[in-house]
Amino acid sequence: MPAVNIARTLADWVTEYGPLITLRQGSDVIIIIGRVDAATEIMEKEGAVLVDRPHSIAAGELLSRGMRILLQSGGEQFRRQRKALHTHLGPKAVECYRRVQFDSARNVIVGVLNDPKHHQEHAKRYAASVVLRVTYGKSTLTSFDDSEFVRIRQALAHFQIVMRPGAHLVDRIPLLKYIPGYGSRIKQWHEFELQLYREQLDRVKRAMLTNEGHGNESLARTLLENVDEHRLSTDEMAYLAGTMFGAGTDTTGIGISTMIMAAACHPEAQARVQEELDMVVGMGRTPTWKDSESLPQLHAFIWEALRWRPIVPIGFLHRASSDVIWRGQCIPAGATVLGCHWAISRDPVVFPDAERFDPQRWFDKDGQLRSQVYSYTYGFGRRICPGQNLANQSLYINIALLLWSFRIAQRPDAPIDTNDFMDAILAHAAPFEVDFVPRMEESRLREMIEQSSG
């Protein structure tokens, strides 16, 4: 695997050598998939064969002790955890969180009005607030300095470091884990995040015993109330809730920031969405959940932004449990298989002129929004992100309120580098500044946002 510019290097290799390329690292075989048809026919149609993850020592054993669902193989433990998440995060289940999502999105608008320079922090705080509520039933965060927010971000930073491909020699030489002192830093990080996750689960337990917050449904509460059904240990429940909280916080915050960057850098696409908002919503009220089906340009903008700058550009590793034959090529059992989101989203057949930001590519020849999103933002097959329904709701309400409230523009004195993203599993954009120009009198905007109910 390349050491730097991983996703872009893999995409270049796919362009040069074809949609399915093979790398060898010692005795390990790594298959890179970089085109839509290959991803659909292999990652989706052969999803049962690719449900496993390759064994990870640094992230899977030392950091997570086998309890992080993202890294588990497709065995019984994974199925139990997946079922618990699906019950709580299915399409209908997440509708009950629209109220808190709307309120938190309103806070983003107020935050931007008060402190536009820190718009990326407002997006992160939104994500943390919503996922705290969904995961633990807790009220929203009010400050960037909130101790929980700080600790969550520390845990996420640790995860990013450990997950980087090739970052730890022990994943290639497993015997290193038996050397006294090896991996001590990662083991300390495990204790840090486990303590954080245990504290959150214990707080929910106490609230249930004292009947505090009894109306606040949450993932943690559901797990605790259905211990016999899910058959998870206390630490497994703590990790399941905690890692979902961590994953949702980072990815949703990145997604909102990507939308802001896309709007600033592509004013014509932004204007098209705002024209639609003006026709459907007008300026006499704020957008609501009921407007969603009448805003195809807004949804196309979201899909294009996620394709243009994928949240997880490298993708996550899968493991083939048996041979897969694709167009005469064999993916052998035991191979590591990686669907590279960056390469797939630059498929010249499906996404011609891929670096051009063009939301209109998401409409069919009849002008209808395409029903299938092919950029695989949320992953593949049975390993698709279980929080995708909640994430889609978050992206919709945030971009709807942001583009209804503001014209977002690049600053002449601070041009945005749209390629300046962290070279890691999750693509955080470097800090960038934009101008948020209210689309009405600021006092009127504040009043409408504060009084809106979604």
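This is a predicted model: local features need pLDDT of at least 70, side-chain atom pairs count only at pLDDT 80 or more; totals for chains, interfaces and linings use all residues.

User: Why is Asn5 called partly exposed?

Analyst: Asn5 has a relative accessible area of 48%. That value falls between the 20% and 50% cut-offs, so Asn5 counts as partly exposed. Asn5 sits in the segment before α1 (6–17).

User: And what makes Arg327 exposed?

Analyst: Its relative accessible area is 53%. The label needs over 50%, so Arg327 is exposed. You'll find Arg327 in the loop between β4 (324–326) and β5 (329–331).

User: What is the phi of Asn5, and what is the phi of Arg327?

Analyst: Asn5 has a positive phi of about 45° without being a glycine. Arg327, also not a glycine, has a positive phi of about 50°. Most residues other than glycine have a negative phi.

User: Which label does Cys385 get, and why?

Analyst: Partly exposed, because its relative accessibility is 30%, and the buried label needs under 20%. Cys385 lies in the loop between α14 (341–344) and α15 (388–405). An unreviewed UniProt entry annotates Cys385 as "binding site".

User: How do you know that β1 and β2 pair?

Analyst: Pairing takes at least two bridges. Strands β1 (residues 20–25) and β2 (residues 28–33) have 6 bridges, in the antiparallel sense, so they pair. Leu20, for one, has Ile33 in β2 as its bridge partner. The two strands form a hairpin with 2 residues between them, and Gly26 in the turn has a positive phi of about 65°.

Notes. Residues are numbered from 1 along each chain as its sequence is written. Side-chain values use heavy atoms; hydrogens and water are left out. UniProt positions are given in the numbering used here, feature names are shortened, and annotations may be inferred rather than shown by experiment. Helices (H or I, at least four residues) and strands (E, at least two) are DSSP runs, numbered from the N terminus. Buried means under 20% relative accessible area, exposed over 50%, partly exposed in between (1.4 Å probe, protein chains only).
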